[in-house]
Amino acid sequence: MANAVKTYGWEAKPRDPSVILGGKKNIKDPMPQTVASIKLPDSTLAASVLQYAATELSTPTFNHSMRVFYYGKAIHNQQFPEWHFTEETYLLACLLHDIGTTDKNISATKMSFEFYGGILALDLLSKELHAPIEQAESVAEAVFRHQDIGETGMITTIGQLLQLATIFDNMGGHKDLVHEDTIRDVTARYPRKKWSSCFAATIRKENGLKPWAHTTALGEDDFPNGVQNNKLMQPYD
């Protein structure tokens, strides 16, 4: 494709959220958005990955993945409308970003779950579903780096949006980017089902199995404790 960089969200963005936000809590005050107002991609590829994720992921993890899509799109629509990518590509990244955390996959490898998950995503999209390689690689890159939080360097557009949305759902970070009514609507459609304690347990499980895991870079205790004590999402858990 002539402009695969824009189409599949490869454009570079600063990794530090404070830089893309210009040091402010948001670009503009968020307005309510609903699941019904954000179109879910309905291509054959999107439908195939949606079915794969619904089958392979636990219900709490699948719901989290869908919330990440809707929160990310809410952030994109109102805070960064100039960012380029196809909604399909972002949806694929959301659906596959935690594929490495399933009981089967977390014990199938010595690799950290994001890296193994990225390989699974790349193989699924490029080899089984025959997605364009630039798209498959963009999704894999975002999966690899969705916990690569930091203040230096750059990341892809899809990667940065995935980070913002996962941190929002997992820890209540960047709480001023999404309206509370949006949270209510999204969680009504995709309930959290005790996600805070569920994901905190997954983090501790991986750290126990793999004390070298990349997740430990976020704090061996600080990260799971921060997830479990997500005050923003507590009313919805």
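Which residues do ring pairs link into a cluster? They are F69, Y70, F85, Y90 and Y190. Rings of Phe, Tyr and Trp (its six-membered ring) pair if their centres lie within 6.5 Å; planes under 30 degrees apart count as stacked, over 60 as edge-to-face and the rest as tilted. The charged end of R189 sits over the ring of Y190, one of the cluster members, at 4.4 Å from the ring centre. A charge sits over a ring if NZ of Lys or CZ of Arg is within 6 Å of the ring centre and within 35 degrees of the ring normal.

The model is predicted: local features need pLDDT of at least 70, side-chain atom pairs count only at pLDDT 80 or more, and totals for chains, interfaces and linings use all residues. Residues are numbered from 1 along each chain as its sequence is written, and side-chain values use heavy atoms, with hydrogens and water left out.

In the whole structure, a search finds nine aromatic pairs. One of them joins Y71 and F168: the ring centres are 4.9 Å apart and the planes stand at 75 degrees, so this pair is edge-to-face. Y71 lies in helix α4 (residues 59-79) and F168 in helix α9 (residues 157-171), so the pair links distant parts of the chain, 97 residues apart. Helices (H or I, at least four residues) are DSSP runs, numbered from the N terminus. Y71 is buried, at 0% relative accessibility, and F168 is buried at 0% as well. Buried means under 20% relative accessible area, exposed over 50%, partly exposed in between (1.4 Å probe, protein chains only).

F115 and F144 form a tilted pair, with 6.3 Å centre to centre and 45 degrees between the planes. F115 is partly exposed at 29%, and F144 is partly exposed at 25%.

How values were computed: Helices (H or I, at least four residues) and strands (E, at least two) are DSSP runs, numbered from the N terminus.
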